[in-house]
Amino acid sequence: MRSSHPRSAAVAALVATALATGLLAGSADAAEGAVSADPIRIHDIQGTTRVSPLNGKAVADVEGIVTGVRTYGSRGFWLQDPDADDDPATSEGIFVFTNSVPAVAVGDAVKVSGTVGEYVPGGLGSGNQSVTQIAKPTVTVVSSGNALPAAVAVNEYSVPAAYAPAGDPAAANSINALPLEPSRYALDYYESLEGMNVKIGTSRVVGATDPYNELWVTVKGWENPTKRGGTLYGSYGAQNTGRLQIQQLAPVAQQPFPVANVGDKLTGTTEGPLDYNQFGGYTLAARTLGTVTAGTLAPEKTKAQAANELAVATYNVENLDPTDPQSKFDNLAKAVVENLASPDVLALEEIQDDNGAKNDGTVSAEQTLTKFTAAIAAAGGPAYQWRSVSPENNKDGGEPGGNIRQVFLFNPARVSFTERAPGDAVTATGVTTENGKAALTHSPGRIDPANPAWADSRKPLAGEFVFQGKTVFVIANHFGSKGGDEGLTSVHQPPVRSSEAKRLLQAQAVNGFVKQLLAADKNAAVLAVGDINDFEFSGTAQALEDGGALYSAIKSLPKAERYSYVYQGNAQVLDQILTSPAVKNFTYDSVHINAEFSAQNSDHDPQVLRFRP
């Protein structure tokens with residue numbers, strides 16, 4: 001498969017094999033199609049829909065100017081006709097997939113003969129749109145040093161407000177066959193520019209530089225801004241049309257990619273072909289890259305809890321295990337102490353076993369937790385104790401052999417843990433009463449571990465705590481991931497979100513358990529916390545809140561502050577703390593220390609809630 005992403009350096013050879021064996025649209029078995037007797041222009045190939053009317057056909061002597069060359073990953077070049085037609089729906093640019101380093105340069109006028117195809121980054125099952133391309137090319141350089149076609153300015157005035165047309169119900173909601181309406185829909189606008197030379201002016205960074213040398217900007221600075229410079233994904237209908245991924249064509253060995261955080265500015269002109277890939281959809285493959293101007297964004301520090309306040313936090317520490325460098329332990333520990341103000345109870349997600357991803361049957365995480373709590377103490381934090389339930393080997397998903405689980409850390413100088421017949425991986429905790437109050441049958445214990453909702457997924461960890469004589473129940477969660485969901489730029493509109501079904505069942509299980517606690521004691525203080533892997537407006541959150549059993553406390557924040565994660569330039573909620581009705585007068589904080597920054601200790605921002613039980 002072909003991908004423009006630099007993380008796929010070996011992918012070109014795979015594509016060549018796929019083309020040779022007829023696995024992709026426009027593959028070698030279609031090359032026998034007759035070559036048209038009329039001169040074929042690029043806009044004839046692109047057509048007015050997402051799929052070329054010449055898909056699978058051989059074309060000869062297609063003329064244009066080279067506007068960009070990619071010498072790594074998916075090797076090839078972009079070709080653009082300088083003599084555009086008068087139809088805004090037809091792109092004048094196209095990618096020529098050469099498989100090897102192209103023997104052309106920017107500014108060359110060339111003629112290309114080859115086979116038109118529709119390549120789907122990520123494969124047909126990904127739901128991604130296809131990229132119209134010419135493969136198996138024969139290239140003739142006619143002249144060099146030519147002026148490039150003028151770049152199309154992509155800006156707040158050119159990108160429509162509506163994101164995408166509704167897909168055709170008769171075609172599984174596909175938008176492939178729909179005529180492009182580039183003045184009406186953002187996805188149609190970008191598609192009408194596929195392969196063309198485009199440019200943006202100074203734009204705000206809304207997705208930090210990642211390990212794969214890419215960042216995200218918005219060309220609509222006013223579109224759903226967060227308080228700290230991002231772009232908020234606040235509903236399924238707020239996809240943020242101004243977001244655009246930026247990569248560079250120059251290999252990073254020749255030209256290091258700039259490091260940027262959310263809120264920085266990519267200043268000046270960034271110009272190059274408009275590509276589409278599986279790691280974010282439409283992407284400006286920069287031939288000329290602007291300069292990053294740093295902003296003033298700094299990691300947040302939450303307020304310390306008062307003496308009579310219980311502080312409960314949740315933090316996904318991203319596959320922490322003893323083989324990680326000490327610096328990761330130290331940085332995470334410093335964040336617990338300095339940024340989270342040493343919460344009284346800290347629910348951790350993605351604590352791995354004692355040898356991490358080594359798949360040898362180890363499930364204990366004692367060494368991981370010993371090392372982490374020691375790092376916290378060394379950073380000036382409390383002497384945390386911990387409680388957890390080790391999973392069955394390779395039964396809870398995540399990295400094979402890593403055996404991730406949730407863990408409670410608690411400060412025994414401030415809060416006590418009520419231990420009741422600690423459960424094991426397969427034993428379900430239940431609800432009973434003690435002196436007229438709700439209690440757990442196993443503390444710590446797992447909620448309904450045999451439920452198919454938790455197959456290959458983390459089972460919720462329930463624990464019973466006492467703070468200043470008051471019992472508080474905490475449920476640490478790490479719901480199923482969004483893996484398998486289609487991206488916002490999917491060929492299906494709305495995109496298929498297949499992973500939601502499992503999280504809905506998981507949410508119903510947790511909600512049902514909380515209802516049992518409230519049935520035993522309507523005034524029970526319950527906090528369901530963790531990496532819910534879903535939005536505060538999602539069906540998952542609604543199922544957790546069903547019947548008023550819980551409330552997603554992040555909704556108490558102003559809308560522009562509701563996020564814990566940044567994905568493809570969208571600031572969004574994945575981590576949540578939900579409260580039962582008895583938890584009143586709380587203070588909530590999504591502590592932004594990771595998601596907006598290129599340098600991260602985790603990709604999640606921790607959440608903290610303070611209240612008086």
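Residues are numbered from 1 along each chain as its sequence is written. Because the model is predicted, local features need pLDDT of at least 70 and side-chain atom pairs count only at pLDDT 80 or more, while totals for chains, interfaces and linings use all residues.

Reader: How many helices and strands are there in the protein?
Author: Happy to start there! Helices (H or I, at least four residues) and strands (E, at least two) are DSSP runs, numbered from the N terminus. On that basis, the protein has seven helices and 31 strands.

Reader: What is the radius of gyration of the protein?
Author: This value is taken over C-alpha atoms, and the globule rule is 2.2 Å times the number of residues to the power 0.38. For 613 residues the rule gives 25 Å, and the protein is close to that, so it is as compact as a globular protein of that length, with a radius of gyration of 27 Å.

Reader: Is Ser564 buried or exposed?
Author: Good one to look up! Ser564 sits in the loop between strand 26 (551–552) and strand 27 (565–567). Buried means under 20% relative accessible area and exposed over 50%, with partly exposed in between (1.4 Å probe, protein chains only). Ser564 has 0% relative accessibility, so it counts as buried.

Note on methods. Side-chain values use heavy atoms; hydrogens and water are left out.
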